[in-house]
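Please examine the sequence and the structure shown below.

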Amino acid sequence: MDVSNVNPFLQACTLVLPQLGFSSVKKVNLTVSDKVNAQGVAVSVGIIGDIKGTVVYNFPEENAKKIASKMMMGMEVSVFDDMAQSAISELTNMLTANASIEFSKTGKNINISTPTLVTGKELGIKVSASKVLVVEMEADGVKFYVNIGIDGDA
Amino acid sequence: MPGGVNVKDARIMIVDDSPFSVALIEKMLQTNGLNVVAKATNKTDMINKFTEEKPDFITMDLTMPEINGFDSIKLLRTIDPNFKSIMISSLKDEDLTEESKKLKINGYVQKPVKEDELINTIKNIINFDKNYLELLDEHQAVFQESFVDAVNSMTRTRVSFKEKKEEEIKFSMGFAVAIGIIGTFPGRFFLDMSNKTLTAFTRSITGEESNSSEEKAHFISEFANIVAGNACSLLNLTDKNYKFRLSSPTVFYGEELTVSTANLKTFMIVAETEFGEIIIGTSFSRGE
């Protein structure tokens, strides 16, 4: 398993989130898991090219609302409605697109798919990779998780 | 070009301060059956002929004495914004292609112009809208056919379809599998069904009485991959530059699961199988 695959996603977070108004963005934890555990809001983005796999972004619902609110110029988000879902989908698209640019700088060219966003109480998520790198991120105290599953990692 | 026009019908204008370049580009276009309706080598000429002809497509030189190509495009858009364009210049670097992208200019070709590159660039741009609309129009039938074929060959059972309103299928039935589609028009494919349906479906393949969520997830991933893969292969065969490829499937399951269709129009149809209802959802975007 190649832990350096985490770096492009970290760089994407520290580049994109400040543009949306977050002042402090940091990695809190990095673990390896054999499955994706998620609650609230999960967005899956497919990757193909020199590496292949899936990234699942997970936001506890309250945190998804906070981030969506920030993205919509501080507008209050009391219900995680279509507008908020669209904002979070767009965020994950921006993050993964930026990560793909970072990957290309290291000579790995990848393409990314349209995000699929789901919500649910206790979400079971199965990606094709058998091992997943789980990055716990925090933006101004708001936690979210980036689950990176690269096919072939064991 | 609302709705898209055929390549041969597209009305093309060439702008270049060098009469030599204009003649060269015109010859390449005409040799390939394209329709040049206007040519201009200076600003006044460009404005007058553009206003008169309202072309669908412009090839624009970048460096010209009175006004540069970028400003020309901006100026012409104030007269009529409904045209597509490419820049043609001996200069090409990251700043220029960035600026060109920012202005939503559809392509960039470097001089000396290579005939193949020029013609392919123009054709792809003109076909883009048309192909996208055709894809939206035609893809559902292709996905349905692949779905039926996969069910038939794997389980020897039949499938019928019924329409359902989008709001009727807001919530997931329990298990959803999504596959990202990458290509000229990126999109996604998903299947949604209840645990009961998936259990019966899985059982019909494995013959086992009970399967774990994990096993069911493996099965439905592979099934979805076959359906999407066959459908995208068929679409790729129609030679419209779709270049579709699939990302790996993601399976979601849980209580009160919903699949968001907020960011992209999703086409949905319900397949009635012997195991229960399975929703087939597809969406495609215009890409960049």
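Contact, as the word is used here, means heavy atoms within 4.5 Å. This is a predicted model, in which local features need pLDDT of at least 70 and side-chain atom pairs count only at pLDDT 80 or more, whereas totals for chains, interfaces and linings use all residues. Residues are numbered from 1 along each chain as its sequence is written, chains are lettered from A and ligands numbered from 1 in the order in which they are written, and side-chain values use heavy atoms, with hydrogens and water left out.

Pro18(A) touches Cys13(A) and Val25(A), if residues up to four places away in sequence are not counted. Pro18(A) belongs to helix H1 of chain A, residues 7-19; helices (H or I, at least four residues) and strands (E, at least two) are DSSP runs, numbered from the N terminus. Between the C-alpha atoms of Pro18(A) and Asp140(A) there are 10.0 Å, although these residues stand 122 residues apart along the chain. With a relative accessible area of 37%, Pro18(A) is partly exposed. Buried means under 20% relative accessible area, exposed over 50%, and partly exposed in between (1.4 Å probe, protein chains only).

The next topic is the meeting of the two chains. Chain A brings 32 residues to the contact and chain B brings 30 residues. The size of an interface is often given as the accessible area lost when the parts come together. Here chain A and chain B bury about 2,400 Å² between them, and 56% of this lies on carbon and sulfur atoms; buried area is the accessible area (1.4 Å probe) that two parts lose on being put together, summed over both.

Between chain A and chain B, 12 residue pairs are in polar contact, both residues being at pLDDT 80 or more. A polar contact is a pair of N or O atoms within 3.5 Å; within protein, one must be able to donate a hydrogen and the other to accept it, and residues adjacent in sequence count only if both atoms are side-chain atoms. On chain A, strand E2 (36-49), strand E3 (53-59), helix H3 (82-105), strand E4 (110-112) and strand E5 (116-126) each supply at least two residues of the side that touches chain B. The largest share of that side, 11 residues, comes from E5(A). Sorted by class, the side of chain A that touches chain B has 11 nonpolar, 15 polar and 6 charged residues. In this sorting Ala, Val, Leu, Ile, Met, Phe, Trp, Tyr, Cys and Pro count as nonpolar, Asp, Glu, Lys and Arg as charged, and the others, Gly among them, as polar.

E5(A) also pairs with strand E10 of chain B (residues 250-254) in the antiparallel sense, over 4 bridges. Two strands pair if DSSP finds at least two bridges between them. Within this pairing, Gly124(A) has Tyr253(B) in E10(B) as its bridge partner.

Strand pairing is found inside chain B as well. Strand E13 of chain B (residues 276-284) is mostly covered, with 7 of its 9 residues buried. E13(B) pairs in the antiparallel sense with strand E8 of chain B (residues 187-194) over 6 bridges, and Phe189(B) has Thr282(B) as its bridge partner there. Strand E12 of chain B (residues 267-273) runs antiparallel to E13(B) and is joined to it by 7 bridges. A hairpin through 2 residues connects E12(B) to E13(B), and Glu272(B) stands opposite Glu277(B) in E13(B).

Charged side chains complete the tour. Side chains of opposite charge can pair when their charged atoms come close. A salt bridge is a side-chain nitrogen of Lys or Arg within 4 Å of a carboxyl oxygen of Asp or Glu. The structure holds 19 salt bridges over all chains, and 1 salt bridge is found across the interface of chain A and chain B.

Within chain B, Lys84(B) forms a salt bridge with Asp129(B), the closest N and O atoms being 3.3 Å apart. This pair links distant parts of the chain, 45 residues apart: Lys84(B) lies in strand E4 (residues 84-89) and Asp129(B) in helix H5 (residues 115-155) of chain B. Lys84(B) is buried, at a relative accessible area of 15%, and Asp129(B) counts as buried at 13%.
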